[in-house]
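Hi,

Here is the structure I promised to pass on. Have a look at it first, then read my notes below.

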Amino acid sequence: MPELDQKNGQPLNADESPNADRRALGPTQPPTHPLATAPVGAPPFSVDGFVKEFIHELNTNQGVALSRSSVNDQYLALASTVKNYLMARWLETGRKTRDAKVKAVGYLSAEYLLGRQLGNALLATDLNDIAKKGLELCGLDLVTLRNQEVEPGLGNGGLGRLAACFIDSLATMDVPCIGYGIRYEYGIFRQTFVDGRQVEQPDTWLALGSPWEFPHPEASVQVNFGGRTETYTDADGTERTRWVPEWNVLGVPYNYMVPGYLNGRVNTLRLWSAQATKAFDLAIFNAGDYAQAVRAQTFAENISKVLYPEDSTPQGKELRLQQQYFFVACSLRDFIENELEDDFDLHDLDQRIIFQLNDTHPVIAVPELMRILMDEKGFSWDEAWEVTSKCFAYTCHTLLPEALEVWSTDLLGRLLPRHLEIIYAINEQFLAEVREAYPGDELRARRMSIIAEFPERGVRMAYLSTYAATKVNGVAALHSQLLRDKVLPDFSELWPDKFTNVTNGVTPRRFVKMANPKLSELINDTIGAGWVTDLERLKELEPFAEDPEFRERFAEAKAWNKRRLTQVLRNRDGIDLPDGHLLDVMVKRLHEYKRQSLKLLHIVSLYEQVLSGKLTVDQVTPRTVVFGAKAAPGYKMAKDTIHLINKVAEVVNADPKLEGRLKVAFPANYNVTLAEKLIPAADLSEQISLAGMEASGTGNMKCALNGALTIGTDDGANVEIRELVGDKHFFLFGMSEPEVADLGAKGYSPGAYYEGNAQLKAAIDLILSGHFSGGDQHLFDSVVYNLLHSDRFMALADFQSYVDAQARVEERYADRDAWTRSAILNVARTGFFSSDRSMRDYIQRIWHTQPML
Ligand SMILES: *Cc1c(COP(=O)(O)O)cnc(C)c1O
């Protein structure tokens, strides 16, 4: 890379400043669009007005007449129409918030798994009926247009979806929040199956246009990398450090609107896209190397090119660290320069922002804020730390040691030399505090050090986060306890008050109101519409569990959802769902700790018992098991498990001996869009991780809120779900976390369970016989021998208990009325799991922000 002529990491000269143009424009221009002048809170426009606007968008934006327009044109025009409608509210929200000078939440997350935007925007603006009628007048169908949208899959799974639920709740609760993240050009890969094996395709979500974003290249931010640091003496005679970076990129902000539900508030999600800087280009163009200049551009743009598809197992890749620093540097710069008044005193920064770190991915923000305050704003170390130590809070999402990020100091120092220096200095200060608290306990100081020495020198990002954060939270009660006891025991001993719990939640707007219209209608008819923003009111449904008429409507809603799913899977995957089956659903990322293999052993075991005559076919409860799961492309065991599931499905689904009573469906490419169709149809929710391994889970909450009963271990938020719905309405099985720990300590040997359990042995032997692999007895050795000889997540130890719990499931399902009663009580008693409640907990325990109301 060419060395750029830079001082203090500032742009080459003032004219090059990416913000120069925007400042020249002065204050935000008044809105000019006719709809943008509609008063906030005004009723939605008429059907005629809608049609006029829609056709106008189609003609002027898409440049086509209605008669010649494609579905994509129509979808884009509809999206613009809704977007225009939201615009006045968005601008007004921004103005109101800046004027009020209140504290905001800066949610820093490397992932946002948003799902489709159109349906949610129509819901938030109450435009569904008007759009439906207006489109009908044009001879168009709203559902067809909605199905045209490609969801932005800018996240892997639970962590990214959580961020999306949280920003929805904050907007709905009228809390000022800016979500900050990365606009990946390729989100999570599109999964396909070829002969049962996962094949990854690039996710080209931007290909047909992305109507929900507003790029603001004039508000771009420069981000520096590499180089070295040097010390100098400033005009006051103070010794200072500056970073002399080697290369830089531009961060271009893309704004997305985050509409609150029917409240007129529209918050902002600001995602950053990387571009080559002009200076960067020019330096090389001037050297006459055109090809190199183009390569350099590609190099810069690589930073936001693709989402890393690892979930819970980060790889220490340089590009990933570049991504993390890139979006965090853009976001801090943006907040400080653009959201605060010009004369704002940064000593009071904590009064205007709390940055929530969604896992350790954005924690490089801590040394970045220190650097800005010291190197650019002239703060002393103590002044800078005083501010920085009040501006961050940290959410931990795991207990798996391999999921905790550690960056090698080699890599970090090469990419961010100034930040590594600051991290070392933070560590020195931290260890001095530790030594003061525990004089002479050098072992403890080494244990707690932010800098690890083995296997190589590295920065423990979770320790850095914990030290710098005002609060550290786990994501469910059990997880927060284990976080204190097992992951960060020294830290929780030193600062017990720093640790807290906020149990995760999901947004009832997307996952109930939008995804389950029939159930929503029934709830509205029964207790009114207030539950959508006050989910605890679902409790009022409890007495109706005893009302036969209500039960019938509830069951009819479930049946309607199953019919809808049948259509979706037929069109999408060519899968036929049999009628009248118990729908048994396991949808989540493929990970050994989640134990899809345990579910698989149950299926194989049922099948084997029919083959061997231990069960007659009419003893098998008609059941369809639906899997949805992506495996990280480099995670061999997970991919082999997918292959095995698909091969078992092929054989089981084709075997006439089962008389169609057992079916395994594995639609490819599980995503939010599919979740919205699958979850409302589910009867049984599989939440079967080894106890102590799933931090919370949110799929479990979505299923319970849609009237599925859970079969689950005492893990994550399952614990709280079971406490709330009651043991009678939850199928608990498996070892508890302390039992898991005991067994691990004693020495676990899966082979003993195989030898000691005839049913388990028969199932595994059937796989080993080649029955599912056309006679090949070794195709699935990796999966089977891993279970037999290692089984880190103790699937074999929990097998019998799981099978017993499944027998209880079948017994309950045989009494359809009793099942429906339990399902209703699951809905009525799980209002706690609204992400609105999670947000209230964050506000009270961590952020101390106020709604604007
Ligand atoms: C909710 C959700 C998840 C998280 O599911 P868990 O069962 O909690 O792991 C993952 N992916 C998608 C698409 C989701 O909607």
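Two strands pair if DSSP finds at least two bridges between them. Helices (H or I, at least four residues) and strands (E, at least two) are DSSP runs, numbered from the N terminus. With that in hand: strand E20 (residues 582-587) and strand E21 (residues 623-628) run parallel and are joined by 6 bridges.

A bit of background. This is a predicted model, where local features need pLDDT of at least 70 and side-chain atom pairs count only at pLDDT 80 or more, while totals for chains, interfaces and linings use all residues. Residues are numbered from 1 along each chain as its sequence is written, and side-chain values use heavy atoms, with hydrogens and water left out.

Back to the sheet: it is open, has 6 strands with parallel pairing, and goes E22-E21-E20-E23-E24-E25. E22 (662-665) and E25 (731-732) sit at the edges with a single partner strand each, so one side of each has no neighbour in the sheet.

Next, Asp715, in the loop between strand E24 (709-712) and helix H26 (718-725). What does its side chain reach? The backbone nitrogen of Glu694, at 2.9 Å.

Last, Arg352 lies in the loop between helix H10 (318-339) and strand E13 (353-358). Arg352 counts as buried (under 20% relative accessible area, with exposed over 50% and partly exposed in between, using a 1.4 Å probe and protein chains only), because its relative accessibility is 7%. A polar atom of its side chain lies 3.5 Å from the backbone oxygen of Val102.

Cheers

Technical notes
Polar contact = N/O pair within 3.5 Å; in protein donor to acceptor, adjacent residues only side chain to side chain.
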